[in-house]
Amino acid sequence: MSLPGKIVCIGAGYVGGPTMAMIAKNCPMIQVTVVDISQPRIDAWNSDDLPIYEPGLDEVVKACRGKNLFFSTDVDTCVAEADIIFVSVNTPTKTKGIGAGMAADLTYWESAARGIARVSKGYKIIVEKSTVPVKTAEAVEKVLTSCADSFFTFDVLSNPEFLAEGTAISDLAKPDRVLIGGKESDSGRKAVACLASVYQQWVPKENVVCSNLWSAELTKLAANAVLAQRISSMNSLSALCEATGADVQQVGYAIGMDTRIGSKFLNASVGFGGSCFQKDILNLVYICDSMGLKEVAEYWRQVIVMNDYQKTRFVHRMISTMFNTVSNKKIGILGFAFKKDTGDTRETPAIDVCRGLLTDGAKLDIYDPKVKEDLIRSELQLGKFEWDHPQAYANRVAGIKDESINVSSSAMDAARDSHGIAILTEWDEFKALDYEEVFKVMVKPAFIFDGRNLLDHNALRKIGFVVYGIGKPL
Ligand code: NAD
Ligand code: UGA
């Protein structure tokens, strides 16, 4: 199977950028261009300050950029010239209309498909890289056939992405599997083989798995749902551990030693975050509901219910432990990103925890090594619940900074004069802090709420801290 000459990816985000950089690195004979409607994003990809932080990404981009990897806003020209078009645009949860709060918003997808139809001639392979509802390929085909001219022929493939943020480059370099779904027709099979030949430049043949289109689309939603379900299962057990004196880390370790279960994704936490778990489960629930599968929908909905419960439980535990009020108390928040090694804050549990504490009158001092102050402040604007917070709303409209929030440039500054600190992201640097010094600068009794079970709780207790860990004996 001959390799394609030119690949374009529509959408230069967390997936489009790193994925295409990895293809460019491993396929020097292919010209890869990543296009986006956002000029600032493309400018950043062309600069020394890439728009996303991902360990190892700078090196890969710098090695290929300007050789066989390009970033551009000229969507039409690049799409018209490409043999394979990946579509990796955002597919957020709908915020209005039918399915609001549940279904995937395919506005960006539809507009990308219409753009492809407008400028394409000859034969092209269109690859769904974004996570989409099952049967999206059918809708895409309809848009392409009804809007394109008769000289355009195509195959639509589903090639969902399984990378996790923070480990994107190693995940892409050595994926557990690459999944390609296509139509079971001659042309469909050839298209699958063509895309498989690209990945096989660096991924072992046996790790490139082929399926029908609908299986590939559903697998992506199912994989995220199952991963999140494992976390929610452990989080539910963490509440039981706290009530009984069991230790959720010991329970998780022993469960994970069963080779049928495996050890990964069994860490209880303050709750899972990130742009996809919640969005994809809501999407799955919506699809099940629409198909009349109420019990199935309800089953998966519980994964989200448990995650919300865990975040609320953490806030309640903080407040009740600190003598039932945090009003006017300074609390140091260590970590705001949804996990370590990323600056991404989408759906981070820190948002709900911080909002919960602010609602109770706390003064927050937040530190995250990779999240900038503006992003933290904008995430904490009480948009969703502003009818409960008329003053916050008035301040936002008037452009007044929320006085209850300070963003510090070190963990030590965030901890200084605080009554308690909460670890919300498992950054390595929080493990290495000098907690004797931290203890000295805090108000006594000094509380630590470890939302990631990151620290040595016995050592902290010896220093004098009052420590709460998730699912740990008190
Ligand atoms: P993102 O928001 O970081 O990037 C999407 C980009 O698409 C944006 O830069 C936006 O400007 C651009 N865009 C939107 N419409 C466009 C159009 N018509 N033409 C050109 N550009 C357009 O999103 P992301 O995190 O990269 O996620 C993309 C998809 O991949 C989503 O469906 C997501 O569910 C899925 N996914 C994400 C991850 C992850 O770790 N973030 C992992 C696997 C799968
Ligand atoms: C997740 C999946 O792991 C990827 O396979 C998938 O491609 C991606 O979603 C996506 O579709 O966007 P990501 O959200 O980047 O990747 O990061 P994860 O490592 O899965 O972590 C998600 C959340 O779960 C984080 O908040 C993390 O702290 C939390 N988590 C993870 C736990 O609380 N406990 C665990 O044991 C593991």
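This is a predicted model: local features need pLDDT of at least 70, side-chain atom pairs count only at pLDDT 80 or more; totals for chains, interfaces and linings use all residues.
**View 1. Lys220 and its neighbours around ligand 2.** A polar atom in the side chain of Lys220 sits 2.7 Å from an oxygen atom of ligand 2.

Residues are numbered from 1 along each chain as its sequence is written, chains are lettered from A and ligands numbered from 1 in the order in which they are written, and side-chain values use heavy atoms, with hydrogens and water left out.

**View 2. The shell around ligand 2.** Which residues come nearest to ligand 2? Of the 20 residues around ligand 2, they are Phe162, Leu163, Ser269, Cys276 and Arg452; a residue counts as near if one of its heavy atoms lies within 4 Å. Helix 9 (residues 213–244) gives the most to this shell, with four residues. Helices here are DSSP runs (H or I, at least four residues) and strands are too (E, at least two), numbered from the N terminus. By class, the shell holds 11 nonpolar, four polar and five charged residues. Ala, Val, Leu, Ile, Met, Phe, Trp, Tyr, Cys and Pro count as nonpolar, Asp, Glu, Lys and Arg as charged, and the others, Gly among them, as polar.

View 3. You can find Cys276 in the loop between helix 10 (248–256) and helix 11 (277–290). Is Cys276 buried or partly exposed? Cys276 counts as partly exposed because its relative accessibility is 27%, given that buried means under 20%, exposed over 50% and partly exposed in between (1.4 Å probe, protein chains only). Leaving aside neighbours within four places in sequence, Cys276 is in contact with Asn224 and Ile281, where contact means heavy atoms within 4.5 Å.

**View 4. Ligand 1 and its surroundings.** Look for Asp36, Arg41, Thr91, Glu165 and Lys279, which come nearest among the 25 residues around ligand 1. An N or O atom in the side chain of Lys279 is 2.6 Å from an oxygen atom of ligand 1, and a backbone N or O atom of Val15 lies 2.9 Å from a ligand 1 oxygen. Ligand 1 taken alone exposes 840 Å², of which the protein buries 92%. Helix 5 (residues 107–119) supplies the largest share of the shell, three residues.

**View 5. Asp365 in its strand.** Here you see Asp365, part of strand 10 (residues 363–367). Asp365 is buried, because its relative accessible area is 6%. The side chains of Asp365 and Lys330 make a polar contact at 3.1 Å; a polar contact is a pair of N or O atoms within 3.5 Å, and within protein one must be able to donate a hydrogen and the other to accept it, with residues adjacent in sequence counting only if both atoms are side-chain atoms.

Conventions
Accessible areas come from the Shrake-Rupley method with a 1.4 Å probe; for residues, only the protein chains shown count as cover.
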